[in-house]
Amino acid sequence: MSTAIEITLFIALVLSIILPGVAFLKGERTKGRFKSHLAVNCFTFFGLLGVTVVSTFAGASNVLAASASSGNGMATGLGYIAAALATGISCLGGGIAVASAASAALGAISEDQSILGKSLIFVGLAEGVCLYGLIISFMILGQL
């Protein structure tokens, strides 16, 4: 029963992404109703996402009982969450930094082509933030 609910919710999530995209491509963007449709779509998508997460974790009581018997279930789970956050947040920050540095570098290169090397160094430093987060997550996973 739980699997059927999860499949139905997954299909609803996918349709909440695909159907507005089709409406957008058919010309809905030119009408004044696009913003209201976008708001309803976002509300539906994140609402269904929350219901899907809750229904998925509601059936996980057997998994929690098995991990509680092993003794270190909570520490292991928090370690995985920490590793995911280290990678995810560092990649978000690196993406924002690369977006700013690369657009500024393109503008500067269009005026003076001799500064290509310097601008590439700044873009590379911004990408390095992502690698540092990945290294930290490997270090966290090595401790588990």
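This is a predicted model: local features need pLDDT of at least 70, side-chain atom pairs count only at pLDDT 80 or more; totals for chains, interfaces and linings use all residues.

I read along the sequence and found the pattern α-α-α-α-α. The chain has five helices and zero strands; helices (H or I, at least four residues) and strands (E, at least two) are DSSP runs numbered from the N terminus.

Residues are numbered from 1 along each chain as its sequence is written, and side-chain values use heavy atoms, with hydrogens and water left out.

Next I looked up burial. Of the chain's 144 residues, 16% count as buried (under 20% relative accessible area, with exposed over 50% and partly exposed in between; 1.4 Å probe, protein chains only).

Then I turned to the helix pair. The axes of α4 (residues 73–111) and α5 come within 8 Å and cross at roughly 180°, on lines fitted to C-alpha atoms over the stretch in contact, with angles from 0 to 180 degrees between N-to-C directions. So α4 is roughly antiparallel to α5 (over 145 degrees). Their contact has 21 nonpolar, seven polar and one charged residues.

Last, the surface. Tyr80, Leu131, Leu134, Phe138, Leu141 and Leu144 form a nonpolar patch with about 590 Å² of accessible area together (members have over 30% relative accessible area and no salt bridge, nonpolar side chains being joined within 5 Å). Helix α5 (residues 116–143) gives the largest share, four residues. Leu131 lies in α5 and counts as exposed because its relative accessibility is 52%.

Terms used
Patches are made of residues with over 30% relative accessible area and no salt bridge: like charges are joined within 9 Å, nonpolar side chains (Val, Leu, Ile, Met, Phe, Trp, Tyr) within 5 Å. Accessible areas come from the Shrake-Rupley method with a 1.4 Å probe; for residues, only the protein chains shown count as cover. A salt bridge is a side-chain nitrogen of Lys or Arg within 4 Å of a carboxyl oxygen of Asp or Glu. Angles under 35 degrees count as roughly parallel, over 145 as roughly antiparallel, 65 to 115 as roughly perpendicular and the rest as oblique. Ala, Val, Leu, Ile, Met, Phe, Trp, Tyr, Cys and Pro count as nonpolar, Asp, Glu, Lys and Arg as charged, and the others, Gly among them, as polar.
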